[in-house]
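Please keep the sequence and the structure in view while reading.

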Amino acid sequence: MVSRRELFTQCRELIAQRDEETAEFDTGCIFQDLLGERNPMFAPMLPVPDDKAQEILSLAQRRSEGYPLQYLLGQWEFWGCNFKVGEGVLIPRPDTETLVEQVIDICRREKMTAPKIADLCSGSGCIAVALKKELPAAEVYAVELSDKALTYLRQNAQLNGCDIRIIQGDVLNEDSAREIRGLDILVSNPPYLTSQDMSELMTEVRHEPAEALFGGDDGLDFYRALTELWKPSLREGGFIAYEFGMGQHGDVKRILEDNGFTDVELRRDGGGIIRTAAAVKKDR
Ligand SMILES: C[S@@+](CC[C@H](N)C(=O)[O-])C[C@H]1O[C@@H](n2cnc3c(N)ncnc32)[C@H](O)[C@@H]1O
């Protein structure tokens with residue numbers, strides 16, 4: 001039998017052939033997951049049973065071929081909560097925590113203790129769940145179209161003990177927008193990659209669903225449609241909050257203002273990129 005240390009080195013070297021920077025971290029995650037221990041390398045000389053070593057090596061092999069670590073593990077952390085993930089659902093990104101923070105800040109500032117919130121294009125449900133965790137009295141709706149994503153969304157709401165109203169629907173369809181009225185907050189991280197972006201995706205991202213990524217030729221289709229279609233669902237003085245890609249802030253701000261939203265507040269993510277915008281619905 002191989003020792004943990006020997007196996008760790010073998011896996012790290014395998015993954016490093018693809019990505020030197022993440023090899024140590026990825027190997028650590030695979031070890032934690034498959035050995036079911038928080039710090040498996042505290043006992044480096046322990047032998048690893050042959051079948052377990054094979055399992056670990058095969059995950060390292062898949063990782064070295066560009067398969068996302070999060071899908072290999074079947075779960076990922078967002079906002080301190082655990083989310084089940086797998087093929088067919090977008091992996092929650094740390095950047096999206098900026099959007100959650102912005103919505104929470106608005107609710108606190110505006111003294112909304114029990115806001116009515118809709119998370120459009122909800123995917124894994126990371127935004128809806130994080131908001132419900134922080135604002136337990138909120139009435140939170142999550143709208144998603146994809147069957148596969150919905151399976152994860154339902155699982156994640158339950159896993160995190162969140163009573164969220166999950167709706168399967170097309171957010172680009174007026175009937176879906178009519179279903180929910182009197183919202184205080186509309187939040188969304190919609191697909192926003194451009195045609196050009198889609199042709200240059202990293203191998204890892206190619207494993208994620210295209211319908212979660214592609215936002216039309218210029219990446220802005222969802223911002224244009226959602227802002228117009230869902231505006232009547234927001235109460236006067238209600239807020240809309242979006243996440244978008246690097247460099248899209250000017251266009252998203254303009255779309256919001258063209259639709260009569262005011263006081264656009266842009267926010268940077270942890271990497272310094274302008275990542276989110278929130279604005280108020282006011283009568284012109
Ligand atoms: C960028 S992902 C965001 C997922 C999640 N909110 C997050 O932040 O990780 C966009 C999501 O929109 C969903 N989607 C795409 N088109 C949609 C539509 N027309 N109606 C509803 N959901 C849609 C995709 O299935 C995907 O889950």
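Which residue in β11 is the bridge partner of Ala241? In this predicted model, the partner of Ala241 is Ala278. The two strands concerned, β9 (residues 234-243) and β11 (residues 274-281), run antiparallel and are joined by five bridges. As a general point, the strands of a sheet pair through backbone hydrogen bonds, in either a parallel or an antiparallel manner.

Both strands belong to an open sheet of seven strands, whose order is β7-β6-β5-β8-β9-β11-β10 and whose pairing is mixed. At its edges lie β7 (165-168) and β10 (261-268), each of which pairs on one side only. On average, and with direction ignored, neighbouring strands of this sheet are turned by 15° against each other.

| Helix | Strands contacted | Angle to a strand |
|---|---|---|
| α6 (residues 126-134) | β5 (116-120), β6 (139-144), β8 (183-188) | about 175° with β6 |

In total, 22 residues surround the ligand, and the closest are Cys121, Gly123, Leu145, Asn189 and Ala212. When the residues of this shell are sorted by class, 13 are nonpolar, six are polar and three are charged.

Terms used: Residues numbered from 1 in each chain as written. Predicted model: local features only at pLDDT ≥ 70, side-chain atom pairs only at ≥ 80, totals over all residues. Pairing = 2+ DSSP bridges. Helix = DSSP H or I, 4+ residues; strand = E, 2+ residues; numbered from the N terminus. Axes fitted to C-alpha atoms, helices over the stretch in contact; angles between N-to-C directions. Contact = placed C-beta atoms within 7 Å. Near = placed C-beta within 6 Å. Nonpolar A, V, L, I, M, F, W, Y, C, P; charged D, E, K, R; others polar.
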